[in-house]
Amino acid sequence: MKKYHLLVALFFFSLVLSAQSSQSFLLNLYGGYTFSDRVDFDSSYGKVEDGFEWGAGLEYFIMDNASIELKYNRLDTHMPLYTKVPLNNGAIAPGTQVNAGDDKGAINYILADYTYYFGSSSQKALPFLGAGLGVSILETPKSGNGTYFAWEIKGGVKIKTDSPVSINLHAYLQSMSAAVGYDYYWDYYWGPVAVTDYASTFQFGLGASLSYDFSK
């Protein structure tokens, strides 16, 4: 009986060891091209221009087909701000740039991602979908730094090799939201009520990452 218990214990211990060894810990180095977006305000509008985005992340596979990742990405860009000029016919014409020569800035993303890979871990090419939540740190010359809510969604394919190195090709959509003032409306019982007005960016990008698997 003692030998039986010992064999059972060794069996479960081997399962635990194999499960732990199957978990992978990866370092990801990111590079991509992020396209521009326009953000409208009440009396003006701004642009976040396109540019190269780079960063790094630490990814841990909680199971063979799913991982969590903490990553940092940075986009150095220009953020011109323009006034809006109302026309007699009710249309809005672009005005002058109010921050000419002083529009250089950057967006820093700090995100926690969840990614699911489709197919068997033995495949060389694995399609994946993922999403992340976190914060963005916006750097502007005039307003300094501000921290805002951010999120992203992504999809692509992971190409594995026989070495610890793999390549991810992916598309992504990133967004950050910031409070930019108040809108007011009239309530029958309460009178004028102020509601916080938010502005959001939505930037699409194409990128790649180089991954190193420390478990191999």
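Author: Welcome! Two residues are in contact when heavy atoms of theirs lie within 4.5 Å. This is a predicted model, where local features need pLDDT of at least 70, side-chain atom pairs count only at pLDDT 80 or more, and totals for chains, interfaces and linings use all residues. Residues are numbered from 1 along each chain as its sequence is written, and side-chain values use heavy atoms, with hydrogens and water left out.

Reader: Which residues is V48 in contact with, leaving aside its neighbours within four places in sequence?

Author: They are S36, D37, T77, H78, I107, T201 and Q203.

Reader: Is Q203 buried or exposed?

Author: Buried means under 20% relative accessible area, exposed over 50%, and partly exposed in between (1.4 Å probe, protein chains only). Q203 has 1% relative accessibility, so it counts as buried. Beyond four places in sequence, the contacts of Q203 include V48, I107 and Y109.

Reader: Which residues make up the largest nonpolar core?

Author: Such a core joins buried Ala, Val, Leu, Ile, Met, Phe, Trp, Tyr and Cys residues through side-chain atoms within 4.5 Å. Here the largest has eight: V48, M79, I107, Y109, L111, L138, A150 and M176. A second, separate core of five residues includes L26, F61, L126 and F128.

Reader: How many aromatic pairs are there?

Author: Rings of Phe, Tyr and Trp (its six-membered ring) pair if their centres lie within 6.5 Å; planes under 30 degrees apart are stacked, over 60 edge-to-face, the rest tilted. The structure holds ten pairs. In one of them, the rings of W54 and Y72 have centres 6.1 Å apart and planes at 70 degrees, so this pair is edge-to-face. W54 is partly exposed at 37% relative accessible area, and Y72 is partly exposed at 30%. Y212 and F214 are also edge-to-face, with 5.2 Å between centres and 75 degrees between planes. Together with F25, Y212 and F214 form one aromatic cluster.
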